[in-house]
Amino acid sequence: MTRELMDAVVVHGPRDYRLEQVPKPHPGRGEVLIRTGAVGICGSDIKCYTGATLFWGEHGNDGYLEGPVTTGHEFAGIVEELGEGASEKYGIAVGDQVIAEQILPCGKCRFCRDGAYWMCEPNHIFGFKRGRAEGGMAEFTLFPAQARVHLVGHRLSEIEAAYLEPLACAIHAVDRAGIKPGDTVVVAGLGSIGLCMLQWAKQFNPGRLITVGTRAPRLELALQLGADVALNVREVDAVARVKELTEGYGADVVIEATGGADGPQQALEMVRKMGTVVAFSSIKDPVLVNWNLAGDQKELTIRGSHLGPNCYPKAIKAVGDGLIDVRSLVTGQFALDQFDEAIEEAMSGRGIKTMVLPGRRSDS
Ligand SMILES: [Zn+2]
Ligand SMILES: [Zn+2]
């Protein structure tokens, strides 16, 4: 029996991602095979591509990534084939649009046993673990049996469905903030996730929603998407402005999503005494902050945020109901054989979210 092949983008090393023909997977018991619709390129993909030690380790092979592996963790698609029992397990049928959460929980570690599956100790994310968590940058993708699969339905386009992963991360971070009606809320950082955070934060009826960023077009877009105030840190003293707007106290909540080394200190300065800071950014190098602000001076609540646990159904509904606009955040679409161009576009920072459509070829 000859095995069917499919196209996939396989990671071999930093800046060594190759379009290859690999065997098309077939779903076993409890597994689902999808025809991949769209795949987003995320900031962490760029860090991996450019060789960040988090993924590759100091010596190029002792980091988080176990390759060669098909890349891509922001994706959704249409059910192509169901393994035994998968239809009943997830309530899905061939032809349905579905998504799996980005993490594949082991089900055995103390976090999984306690229901905190998103903190699973081995932390296997699609696109980073050869053979166990192959990613979605391929014509077909297999959801292994431990995947958390959700029915998306056809109210969402394939582009919107692929955006559910970063949106779920945004929703979880905002939920962690515990925003109360009337609060002054700062969303710092206007990346593809920050722009979702501010839309979700709006749902909590903040008194004032402030965004902080560095690029004029994104600040403009933030205002269109519901921010009340947009501060460009290149032009104004954002900490001073937030204090002016809050009678000198500072914001009730600061969600730190800048990804920059200055972000954490800015958040600690911007928040009021006894306020809440949500730490979302993934920052390349360790950062230096005045830690006295957190404890002795302000008695802050600092809450971390990892992935988008229990947020996929909310994300699916929010996009379907038109509460969150992700479509205007997708600024580039490429075919699978244009992966090199897609990653270049994502790295350029010109657009917001770059997507690859694995069903497309550039010559068709
Ligand atoms: Zn991501
Ligand atoms: Zn686990």
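Which protein donors does the zinc ion (ligand 1) have? Select the ion and the residues around it: Cys 42 (SG), His 73 (NE2) and Glu 74 (OE) lie 2.1 to 2.7 Å from the zinc. Donors here are N, O and S atoms within 2.8 Å of the metal (3.2 Å for Na, K and Ca), and water is not among the atoms, so sites may look incomplete.

This is a predicted model, in which local features need pLDDT of at least 70 and side-chain atom pairs count only at pLDDT 80 or more, while totals for chains, interfaces and linings use all residues. Residues are numbered from 1 along each chain as its sequence is written, chains are lettered from A and ligands numbered from 1 in the order written, and side-chain values use heavy atoms, without hydrogens or water.

Along the chain, the zinc donors are spaced C-x30-H-E. Cys 42 and Glu 74 are both buried (under 20% relative accessible area, 1.4 Å probe, protein chains only).

Next, colour by domain. The automatic or database assignment gives domain 1 (5-163 + 326-357) and domain 2 (170-304). Their C-alpha centres are 29 Å apart. Nine residues from domain 1 and 10 residues from domain 2 make the contact (heavy atoms within 4.5 Å).

Between the two domains about 800 Å² is buried, 60% of it from carbon and sulfur atoms; this is the accessible area (1.4 Å probe) that two parts lose on being put together, summed over both. Now select Lys 47, Leu 329 and Ile 352: they supply 52% of the area that domain 1 buries against domain 2, more than any other three residues.

Notes. Buried means under 20% relative accessible area, exposed over 50%, partly exposed in between (1.4 Å probe, protein chains only).
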